[in-house]
Amino acid sequence: MASTDIQHYEYLQAMLLTAGWEELTGELEGMREILADVTHINGSDDLFYKKGQINIIDLLLRFPDTVSDALDDLQGVNND
C-alpha cells in the first residue's frame with residue numbers, strides 16, 4: 001500500500017512542475033492580493049466570505065509543500 005501512496009504523491013509532484021500549475025499559482029497569488037484588500041468589505045458576512053476564499057487559496061498555494069512533506073514521510077517509513 002505504501003508504494004501506491006508514494007506513486008500517488010510522485011504523480012502529484014510531477015503535476016506541480018508543469019507550466020499549468022505555475023500559471024495557476026500566479027493567478028491565485030493575484031486573487032489573494034485582491035481579496036486581502038479590506039477597503040471594500042460591507043459587513044461581517046462579506047469579511048468571513050473573503051476570509052474563506054483566502055483560506056482556500058492559501059491551501060492551494062501550500063499544496064506543493066504538503067505533497068513534498070507527505071512524500072518525505074512515506075519514503076521515510078519505507079526506509080525504516
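1. Phenylalanine 63 is partly exposed, at a relative accessible area of 26%, whereas tryptophan 21 is buried at 12% (buried means under 20%, exposed over 50%, and partly exposed in between, with a 1.4 Å probe and protein chains only). This is a predicted model, in which local features need pLDDT of at least 70 and side-chain atom pairs count only at pLDDT 80 or more, while totals for chains, interfaces and linings use all residues. Residues are numbered from 1 along each chain as its sequence is written, and side-chain values use heavy atoms, with hydrogens and water left out.

2. A search of the whole structure finds one aromatic pair. The ring centres of tryptophan 21 and phenylalanine 63 are 6.1 Å apart with their planes at 50°, so the pair is tilted (rings of Phe, Tyr and Trp, the last by its six-membered ring, pair if their centres lie within 6.5 Å; planes under 30 degrees apart count as stacked, over 60 as edge-to-face and the rest as tilted). The pair links distant parts of the chain, 42 residues apart, with tryptophan 21 in helix α2 (residues 19–35) and phenylalanine 63 in helix α4 (residues 63–79); helices are DSSP runs of H or I with at least four residues, numbered from the N terminus.

3. The count of salt bridges comes to one, where a side-chain nitrogen of Lys or Arg must lie within 4 Å of a carboxyl oxygen of Asp or Glu. The bridge joins the side chains of aspartate 58 and arginine 32 at 2.5 Å, N to O. Aspartate 58 lies in helix α3 (residues 44–61) and arginine 32 in helix α2, so the pair ties together parts that are 26 residues apart in sequence. Aspartate 58 counts as buried at 16% relative accessibility, while arginine 32 is partly exposed at 30%.

Note on methods
Helices (H or I, at least four residues) and strands (E, at least two) are DSSP runs, numbered from the N terminus.
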